[in-house]
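Please examine the sequence and the model shown below. The paragraphs that follow lead from individual charged residues to the chain as a whole.

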Amino acid sequence: MSQPDSRALVLSALLGAAGISLALVWYKSRKSRVSTTLTDHYLSNNERHSQLNADDRSGGAVFLFQGKQTEMLEKLNTLILCVSELKDEVKSLKEGIPKLQEQVREELRGKLESRRVSPLHRATRRKRTEIPIEDCLSSEEAESEGGYVTAHTDTEEESDEGNKGPTVNFPTTEDLVEEKDEFTLLMQKADSLHTGPESEKKEGFMMLLEKKDQYGQEVPFLWRLARSYGDMFDLTSDIEDKKSYTEAGKIFAERAITLDPMSADSHQWFAIMCGYMSEYESVQNKIKNGYLFKDHLDKAIELKPQDPLSYYLLGRWCYAVSQLSWIERKVAATLFGNPPTATIQDALHYFHKVEEIRPCYSKFNYVCLAKCYKDLGQRVHALKWCDAASAMAVASNEDKEAQKELDSILSSLSQ
């Protein structure tokens, strides 16, 4: 091989080796840069993710805090609304408490109306319980209202400490029983005095007059007061006084009927007052009162069919109607269309009904039986009832009047 060719071959080999070396160096350098780049990229991504996670955690905490704050505000608003409603209820309670005492009294009075309390078992009156209005609130309500006052100090109108609410006196059962017992005893005493002599009847009349303002709306009191006016009518002989007692008694009996149309005693004593008034009225008013007398007696018998007094009075009415004169019947027919009609037999039926319900009811009932049999011409039966009447003592003005009629009947039967 020539020398030039050898040099060229060597140079080529050297160039090839240098190229390979340069290639190896370039490859290592490239690999190092790629590795560094990947490491930096990896670290950069991790830092970015760490930063995002930190931001996410910070944002979540903020959102959580805001959610709790909103929830607390909603609860606070609900609490304020409840407290506001509670305050309205307390205000209504304060306004309604003054009427509560009377409502409770009326309710318990109605429940106790049907039973009487024995005087031997009267409960010792105890002092009425005093309950401040604040004590009517529960502890939870008190705490809620206290919290509301603290949060709304500028707008609260009732936050003065030591300002206690009005004290309410609630009636106890013993109070109502005692009041009921007092009324019952009053009515029992009035009944007892009514059956006594003149002095006791006058005492009963004055006693009821003194209680008129207190019990003037009680039906049992009103018809007894009317009855007491009837007693005074019997006890006086002055015509004007009789008229005055009758008119007043009729007013109270009528008031009792207005309050309770189902009170038999009220109808009965209204009828009696009408009968008393007919003794001093004109023929027209006498007949008018006669109709009222009959209507209210029928009602009293319907409501209380076993009361002998109503049948006795109805027998008296039938006998009086059977004795009406011709002119009185004509006046009744002119004014009322149909005059009242009744016979002696009707009167006799009612007088016997009295004896059937309560034998030996009164001296006057015996006298009325004797009078009816005398008018019917049945002398034997008339004398029988005259003997029965004579056997009864004279205990009242009515008995005195009965004795006078009895003497008259005996005189006519002896002729």
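In which loop is Asp-238 found? In this predicted model, Asp-238 sits in the loop that joins helix H6 (219-235) to helix H7 (239-259). With a relative accessible area of 37%, Asp-238 is partly exposed. Together with Glu-240, Asp-241 and Glu-247, Asp-238 belongs to a patch of negative charge on the surface.

Asp-191 pairs with Arg-224, and the closest N and O atoms of the two are 2.9 Å apart. Because Asp-191 belongs to helix H3 (residues 173-194) and Arg-224 to helix H6, this pair ties together parts that are 33 residues apart in sequence. The two partners can be described by their accessibility: Asp-191 is partly exposed, at a relative accessible area of 25%, whereas Arg-224 is buried, at 8%. A network of salt bridges links Asp-191, Arg-224 and Arg-227.

A further salt bridge is formed by Lys-304 and Asp-265, with the closest N and O atoms 3.4 Å apart. Lys-304 lies in the loop between H9 and H10 and Asp-265 in helix H8 (residues 264-277), so the pair ties together parts that are 39 residues apart in sequence. Lys-304 counts as partly exposed at 35% relative accessibility, while Asp-265 is buried, with a relative accessible area of 16%.

Asp-307 lies in the loop between helix H9 (283-303) and helix H10 (308-322). What is the nearest side chain of opposite charge to Asp-307, and how far away is it? That side chain is Lys-304, at 4.0 Å. Asp-307 is buried yet has no salt bridge. Neighbours within four places in sequence set aside, Asp-307 is in contact with Asp-265 and Gln-268.

Towards the end of the discussion of charged pairs stands the salt bridge of Lys-371 and Glu-405, whose side chains meet at 2.4 Å, N to O. Since Lys-371 lies in helix H13 and Glu-405 in helix H15 (residues 397-413), the pair ties together parts that are 34 residues apart in sequence. Lys-371 counts as buried, at 17% relative accessibility, and Glu-405 is partly exposed, with a relative accessible area of 26%. The total comes to nine salt bridges.

Residues up to four places away in sequence not being counted, Cys-360 touches Glu-355, Tyr-366 and Met-392. Met-392 is 32 residues from Cys-360 along the chain, and the C-alpha atoms of the two are separated by 8.6 Å.

The chain as a whole can now be considered. The protein chain has 15 helices and two strands. How much of the protein chain counts as buried? Of its 415 residues, 31% do. Among the contacts with a separation of 6 or more, 68% are between residues 24 or more positions apart. The accessible surface of the protein chain comes to about 26400 Å², and carbon and sulfur atoms hold 54% of this surface.

Terms used
Residues are numbered from 1 along each chain as its sequence is written. This is a predicted model: local features need pLDDT of at least 70, side-chain atom pairs count only at pLDDT 80 or more; totals for chains, interfaces and linings use all residues. Side-chain values use heavy atoms; hydrogens and water are left out. Contact means heavy atoms within 4.5 Å. Patches are made of residues with over 30% relative accessible area and no salt bridge: like charges are joined within 9 Å, nonpolar side chains (Val, Leu, Ile, Met, Phe, Trp, Tyr) within 5 Å. Accessible areas come from the Shrake-Rupley method with a 1.4 Å probe; for residues, only the protein chains shown count as cover. Lys and Arg count as positive and Asp and Glu as negative; His and the chain ends are not counted. The place of a charge is taken as NZ of Lys, CZ of Arg, CG of Asp or CD of Glu. Helices (H or I, at least four residues) and strands (E, at least two) are DSSP runs, numbered from the N terminus. Buried means under 20% relative accessible area, exposed over 50%, partly exposed in between (1.4 Å probe, protein chains only).
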